[in-house]
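Subject: Structure handover

Hello,

Here is the structure I promised to pass on. Please open it first; my notes follow below.

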Amino acid sequence: MRPDYMGFMFLTSGVMSFNAGIWQLHRRRQKRRLMENHKNIRKPPVYELPPGDATIDEFEFLPAAFEGTFDNEGSMLVGPRALPTYKGASSNEESNGGFLVVTPFEIAHTGQFIMVNRGWVPIDAGKHRTLLMQYVGEGFTPGSVRGIFRREEYMSASLIWGPNKDNEGPVAADLSWLVMRPWNMAVHYYKRRWGPDRAEESVEKHGARHYYLEMIEDYSGDDQRMVRGHPWPWRRSVDEITYVHLPPSVHTMYIFFWFSVTLGSLYGMGKCYKRQKELFALRRQMTAQTTLLERKRQEEAKMYMEAMKEVERLKKLGTVAAPRIGSQPTEQQKSDEKSPASGEKS
């Protein structure tokens, strides 16, 4: 293969592997932060919302417990998603996919709302609002929430198309969201309950936050409902929440691998560059030699043409001089003519 083509291939692999290495650095940093935040889950629960100036890393996975009221009619679905466990599905309902149920929860005696991830329900819950009610209940229901604080999710934007509109609202008429957006969900809920004109007033009065509360399976069954012999919504345990599929050490190995590919690609590019330089030098040498040979050929052709012209000139001269030479007697003829004349005289 030509060195320039191989060099382009090495350049492509070098750029891709370098980006993959940078991505693995980012993922390792995320996993380290995640595992550090997992330590908060062992702390005692809090009974108040975090202060407004606190960062999410300070209280993510921190246990919390609140008393208040669920607004089941305002429940929203996030998905569809697979069952959020590394253990796998154990029934047909769990293997067919489903949704996360997010319900507005009004904290007692405060007037503040927080979006609560109550767990996972089968795919049938997304077919109609009445089917969802059999999994979460109807109307306003007093209850208690015991869970952990979680950061919001975000669908990445595009350099061409700009921010993703799916972050701003539901993608279906049944209020199904693709990602967990507690702030946008709260604003959307306020607009539905008190009207779009009072959205800003509702946000100021009841609050909208960029984090939510995920309920943990504690087997109390306070707000769960039995459907076909199974308690719903399904919730994760502490072991499943703190499970990390790829620890930072694995990402470190990926980093070494991808950057090794980058170095190998750079080495290959260097070899291709040197080979291409040699080819260019060889081409220049061949071009110079070809030019020299062409010049020599042209000189020889010129000399040949001059020789041919000289031959033609001599031929023309010979043709003109031939009659003259033929009309003049030769020395033998002159001697023969003189011999009879001398004999007669004698």
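A residue counts as buried when its relative accessible area is under 20%, as exposed when it is over 50%, and as partly exposed in between. Keep those cut-offs in mind for what follows. Please also note that this is a predicted model.

**Overview**

The protein chain has 346 residues, and 35% of them are buried. Its secondary structure comes to 9 helices and 9 strands. Take the contacts with a separation of 6 or more: residues 24 or more positions apart account for 71% of them.

**The strands**

Start with β3, residues 98-107. Of its 10 residues, 9 are buried, so the strand is mostly covered under the 20% cut-off. Which strands pair with β3? One is β4 (residues 113-122), joined to β3 by 9 bridges in the antiparallel sense. In that pairing, Thr103 has Val116 in β4 as its bridge partner. The two strands form a hairpin with 5 residues between them. In the turn, His109 has a positive phi of about 65°.

Strand β2 (residues 76-81) also runs antiparallel to β3, with 4 bridges. There, Met76 has Val102 in β3 as its bridge partner. Strand β1 is joined to β3 as well, antiparallel, by 3 bridges. Gly68 stands opposite Ile107 in β3.

Now follow β1 (residues 63-71) to β5 (residues 140-151). These two pair in the antiparallel sense over 9 bridges. Asp71 stands opposite Phe140 in β5. From β5, go on to β7 (residues 211-215): 5 bridges join the two, again antiparallel. Ile148 stands opposite Glu214 in β7.

**Salt bridges**

How many salt bridges does a search of the whole structure find? It finds 14. Three of them are described here.

Glu60 pairs with Arg151, and their closest N and O atoms are 3.1 Å apart. Glu60 lies in the loop between α2 (56-59) and β1, while Arg151 is in strand β5, so the pair ties together parts that are 91 residues apart in sequence. Is Glu60 buried or exposed? Glu60 counts as buried because its relative accessibility is 3%. Arg151 has a relative accessible area of 23%, so this residue is partly exposed.

Arg193 forms a salt bridge with Asp71, with the closest N and O atoms 3.9 Å apart. The pair links distant parts of the chain: Arg193 is in helix α5, Asp71 is in strand β1, and they are 122 residues apart. Arg193 is partly exposed at a relative accessible area of 33%. Asp71 is buried, at 6%.

Glu152 forms a salt bridge with Arg181; here the closest N and O atoms are 3.6 Å apart. This pair, too, links distant parts of the chain. Glu152 is in the loop between β5 and β6, Arg181 is in the loop between β6 and α5, and 29 residues separate them. Glu152 is partly exposed, with a relative accessible area of 24%. Why does Arg181 count as buried? Its relative accessibility is 7%, and the cut-off for buried is under 20%.

There is also a network. Salt bridges that share partners join Asp57, Glu60, Arg150, Arg151, Glu214 and Arg236 into one.

**More on Arg181**

Arg181 sits between β6 (176-177) and α5 (182-194). Its side chain reaches the backbone oxygen of Glu153 at 2.9 Å. What else is Arg181 in contact with, leaving aside neighbours within four places in sequence? The residues are Glu152, Glu153, Tyr154 and Asn167.

**A patch on the surface**

Last, look at helix α1, residues 3-37, where Leu11 is found. Phe8, Leu11 and Val15 form a nonpolar patch on the surface. Together they have about 290 Å² of accessible area. Leu11 has a relative accessible area of 40%, so Leu11 is partly exposed.

Best wishes

Note on methods
Residues are numbered from 1 along each chain as its sequence is written. This is a predicted model: local features need pLDDT of at least 70, side-chain atom pairs count only at pLDDT 80 or more; totals for chains, interfaces and linings use all residues. Side-chain values use heavy atoms; hydrogens and water are left out. Patches are made of residues with over 30% relative accessible area and no salt bridge: like charges are joined within 9 Å, nonpolar side chains (Val, Leu, Ile, Met, Phe, Trp, Tyr) within 5 Å. Accessible areas come from the Shrake-Rupley method with a 1.4 Å probe; for residues, only the protein chains shown count as cover. A salt bridge is a side-chain nitrogen of Lys or Arg within 4 Å of a carboxyl oxygen of Asp or Glu. Buried means under 20% relative accessible area, exposed over 50%, partly exposed in between (1.4 Å probe, protein chains only). A polar contact is a pair of N or O atoms within 3.5 Å; within protein, one must be able to donate a hydrogen and the other to accept it, and residues adjacent in sequence count only if both atoms are side-chain atoms. Contact means heavy atoms within 4.5 Å. Two strands pair if DSSP finds at least two bridges between them.
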